Amino acid sequence: MAFLVRGSISTVRLWSRSYASMSKKGLVLGVYSSEGKDEVKFTPYAQKYSESTAGKLLEQINICGPIKSGQTRIFWELGKFPAVAVAGLGDASKWDELDEIDGAKENVRIAAAAGVRALSANKIAEIVVEDMEHPQQAAEGATLANYKFQAFKSKDKQTPLPAVTFAEDASGKADWERGVIIAEAQNFARVLMETPANHMTPSIFADTVKQRLGAANVEVLVHDEAWAKEKKMGSFLSVTNGSNEPPRFLELTYRGSQDEQCVALVGKGITFDSGGISLKPSANMDQMRADMGGAANVVSTILALAQLKAPVHVKGFVPLCENMPSGTATKPGDVVYAMNGKSICVDNTDAEGRLILADALCYASTFNPKFILDIATLTGAIKVALGDCVSGVFSSNNKLWEAIHEAGSQTGDRVWRMPLFKHYSDQMCDHNGYDLNNLGKGKGGGSCTAAAFLREFVPKGTPWLHVDIAGVMGDCSDQSYTGSKGMSGRPMRTLVEFVTKAGGSA
Ligand code: BES
Ligand code: MN
Ligand code: ZN
């Protein structure tokens, strides 16, 4: 009998709660935990909120037990907010040094994301997040978690996303806003990558960028095929040969400083990679709609830098085309000429990324940049080597490597250094009838031979980094805030951090 009564009360409350939550606000608070200690340690903001409930929040948490990193509990009708999600911030000192991550910042991203997800699952339409003592990272976690690609779902079937804002009385609003700008730009990269290839052709990509970056005071030049012919970009043009979609080449400029020299960012923009005549197997070929992930990273990085008003002079170079088989497609064994006059034998038309980047690197070099960073979903081999949690970086310059490595630790989107040995260059360049082959001679090391190929198109004196992001392109299992499904937009936050630090005039 007693059981029945209790049951009916909770049923009534449950009903009124889900009904009410539709129009009500929720708050995300953080709480630290330390090994072996049950005592609750609130963030300063959460501490104040708990006091405003006359200690009831603390009491409730004590009843349900410690909240670990990444976990959340929702408390109803305690204090000003009808729903309060308390998210575990864990103990930053528990991060393994070898993980090379700023653990305090990463814990905040994880917690803010978990809090937003929990409230969102309870249909809370307005979510307010506290600063968690790291407002930028709280904004990043919250904004990256509050993302869902449903552009092609009927309007009435789409899940509405909650509005996420910063708590008015929390500290560090400017940092929160930085985090929102950066994470929204990453979400933009995710949309560009996720969008089906028939809705994200080279022309559509160019138009979308012109609209979005143009509005952010970035100069966007859209070059066409005739321009590429004039520039003698025979390597780039050999890839678009098989497609009916016209290619594009984007040239972006953001001048946030008076620096004469720019930082050059080059991104692979294959809007669909079928492999060409060296056709790919059909399983998972749809993933190759995201083979413009390098381009998406360049575009979203420059968008974020411009919106942040970063004091840097940056240019972006983005060759865009499809890689398709047809009667006009490049054939294995064909020889083409890149803009710098080097001849390339195309032994495998599926190694097309390096072909379009070759000309883009040559063109970027004509601007005498401070350094060049190229980024590309270049090789399946990098996924074999590093998995889905870290991007591979090849660099001719130790200082730049150190700077991007540090940037990755700060953002949680890490990078790992790979070799540029002469051995790999020999495998690409040591041939009788032409200068380079787009396929390595030896066995294995596919990411390294690809990097060695690109190196031939960067002038010797120009510091250079090449970032292979094929591993982190989609379905990454390491960052709960980005989610484990879909195209990731990674590692654009690391690029923003890196360019801001390494690209300034100081
Ligand atoms: N776009 C692919 C690389 C890729 C594979 C990206 C899987 C993301 C996920 C690239 O153009 C490619 O096809 N590379 C070949 C190179 C090979 C033919 C030398 C590869 O990795 O197999
Ligand atoms: Mn390919
Ligand atoms: Zn490709």
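**Exercise 1.** In what order do the three strands of the open sheet lie, and with what pairing?

*Solution.* Start with the ground rules: this is a predicted model, where local features need pLDDT of at least 70, side-chain atom pairs count only at pLDDT 80 or more, and totals for chains, interfaces and linings use all residues. Residues are numbered from 1 along each chain as its sequence is written, while chains are lettered from A and ligands numbered from 1 in the order in which they are written.

Now the sheet: the order is β12-β13-β17, and the pairing is mixed. Strands here are DSSP runs of E, at least two residues, and helices are runs of H or I, at least four, numbered from the N terminus; two strands pair if DSSP finds at least two bridges between them. Next, the edges are β12 (334-337) and β17 (436-437), each pairing on one side only. Finally, β12 runs antiparallel to β13 (residues 343-346) over four bridges, with Y337 opposite S343 of β13.

**Exercise 2.** Work out how domain 1 meets domain 2.

*Solution.* First, get the bounds: domain 1 is 25-171 and domain 2 is 186-503, from an automatic or database domain assignment. Then count the contact: 15 residues from domain 1 and 13 residues from domain 2, where contact means C-beta atoms, placed from the backbone, within 7 Å. On the domain 1 side, α4 (103-121) and α5 (135-145) each give two or more residues. The largest share, five residues, is from α4.

**Exercise 3.** Describe the surroundings of ligand 1.

*Solution.* Count 16 residues around ligand 1, each with its C-beta atom, placed from the backbone, within 6 Å. The closest are A351, T377, T379, G380 and A470.

Notes. Two residues are in contact if their C-beta atoms, placed from the backbone, lie within 7 Å. A residue is near a molecule or strand if its C-beta atom, placed from the backbone, lies within 6 Å of it.
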